[in-house]
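Visitor: I would like to learn how to read a structure feature by feature. Could we go through one together?

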Amino acid sequence: MDPFFIKALQLILSLSILIVLHELGHFIPAKMFGIKVEKFFLFFDVKFALFKKKIGDTVYGIGWLPLGGYVKIAGMIDESMDKEQMAQPPKPWEFRTKPAWQRLIVMVGGVTVNIIVGFFIYMMVVFTWGSPYIAPEDMPNGFAVDDTFKEYGFRDGDKVMAVNGEQLKNSIDINKYLFLRDVKSITVEHQDGQRETLEVPEDIGSQMFEQGVMQPFVPMTIPILDSVIAGSPADRAGLRKGDRIISINDFEVGYWHQLNRKVAESKGKELRLVYSREGEFESVEMDQDKAAVLDNNLKSVSITPNEEGNLGVYVDAESSIKVSREHYSFSESITKGFDLAYWTLHDYVAQFKYVFTKKGATQVGGFGAIGGLFPDAWNWQAFWMTTAFISIILAFMNILPIPALDGGHVVFLLYEMVTGRKPNEKFMEYAQLVGFVILIALVLFANGNDIYRWLFE
């Protein structure tokens, strides 16, 4: 199946699970407090629904517009803007007649469920599959360091041993720490065995963002291909899994990062690439006029990178790096799951300082960006890890103090609880309308960025 459809299926399944659970977070406490819930929908039923069935006082259904879901709670000013109902005398089973503390519980129920779901999924993932990590000793070749970081004393081949004086168990986390955490110093072991603690600027994350250096530390891996994308320049040239790149334009390639740099410098330019392969070449389909056999195991081929400066190949990292896996007992997985949920939320909130910049606004993504989080091939561990991440994101986004979001309702309820006065209903209606317009604008902007990147990048 095409990777696009695999990602789309994972996205729809993940969102469906999370939306239903989020709405249950509102639905269950509403029913517990005797509040009438008129509708419970997965996706929006604008004009019509794909399916609906009334059970008791509630119509359950599936809409056709996959932008979220909703529960319509009687006596509440929400996105339905049911002014006719609000004009009637209050009923004892309506939201507006209940104590403020009960209404607050109903409104924070969805966010609470998303946090719990994120934690629970993380807990079960680490309990089932464990937690992968790459220790410094499991990276014999160390890191390839971006030139912008070499001015701070880092060198190609460095192994990251500690951050701010504390041992870094998973070496690959160093880029995330630099970008989202408060990193003051990094202890490295150079190729000669010497250890050195190097300081980095306080604004190192902002520097990385502005310079577009999001992966300053890349594992030095031998350029053995793990996979070749169908229809890519590499595929058309006849490269396949297991091939080992030897040189490019007579420049000897020892590590993957060297190949990437040379290819990135040659967008649209034809390159002469030499690679080795065990076995015979006669079975390989390619344009023979572009290739030349050097000996039994070496072959030269002409290849032109695509407009993005890519060949369309992935490296076999396991040939150079050992990935270890730590397993947990059920009780240990509870602590680890909480830790993952906390740091996921922390890091997501931390990255917002980059969003509110000129460059950051262009990086905001919609459903395309979210779908891109899922792997090209179906993998349950990756699916659940991504679903947990999205659940945490939904919790944070929904608690933002924007009218039409749960957080907007919470702000008005807290005002009522502090002052003892309800906000004017007409004001609430206008605030809800403004909030809804803001949300639609944000959705259009984010998905517009996705479309722009798809068409022009």
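**Reading the features**

Guide: Start just after helix H14, where Gly420 takes a positive phi of about 80 degrees. Helices (H or I, at least four residues) and strands (E, at least two) are DSSP runs, numbered from the N terminus. This is a predicted model: local features need pLDDT of at least 70, side-chain atom pairs count only at pLDDT 80 or more, and totals for chains, interfaces and linings use all residues. Residues are numbered from 1 along each chain as its sequence is written, and side-chain values use heavy atoms, with hydrogens and water left out.

Visitor: What span should the 14 residues of H14 have?

Guide: The expected span is 1.5 Å times one less than the number of residues. For H14 (residues 406-419) that gives 20 Å, and the end C-alpha atoms are 20 Å apart, which agrees.

Visitor: Which residues of H14 are buried?

Guide: Buried means under 20% relative accessible area, exposed over 50%, partly exposed in between (1.4 Å probe, protein chains only). In H14 the buried residues are Asp406, Gly407, Gly408, His409, Val410, Phe412, Leu413 and Glu416.

Visitor: Is His26 buried or exposed?

Guide: His26 is buried, at 4% relative accessible area. His26 sits in helix H1 (residues 3-32). Its side chain reaches the backbone oxygen of Val106 at 2.7 Å. Contact means heavy atoms within 4.5 Å. Beyond neighbours within four places in sequence, the contacts of His26 are Val71, Val106, Met107, Gly109, Gly110 and Asp406.

Visitor: How do I read a strand's two faces?

Guide: In a regular strand the side chains alternate between the two faces of the sheet. Take S7 (185-189). Ser185, Thr187 and Glu189 lie on one side, Ile186 and Val188 on the other, and all are buried. Five of the five residues of S7 are buried, so S7 is largely enclosed by the rest of the structure.

Visitor: Which strands pair with S7?

Guide: Two strands pair if DSSP finds at least two bridges between them. S5 and S7 pair in the antiparallel sense over four bridges, with Val160 opposite Val188. S7 and S8 (residues 195-199) are also antiparallel, over five bridges. Thr187 has Thr197 as its bridge partner in S8. In the hairpin of S7 and S8, five residues lie between the strands, and Gly193 takes a positive phi near 90 degrees.

Visitor: What does Ile186 touch?

Guide: Not counting residues up to four places away in sequence, Ile186 touches Phe154, Val160, Ala162, Ile174, Leu178, Glu196, Thr197, Leu198 and Val200.

Key:
A polar contact is a pair of N or O atoms within 3.5 Å; within protein, one must be able to donate a hydrogen and the other to accept it, and residues adjacent in sequence count only if both atoms are side-chain atoms.
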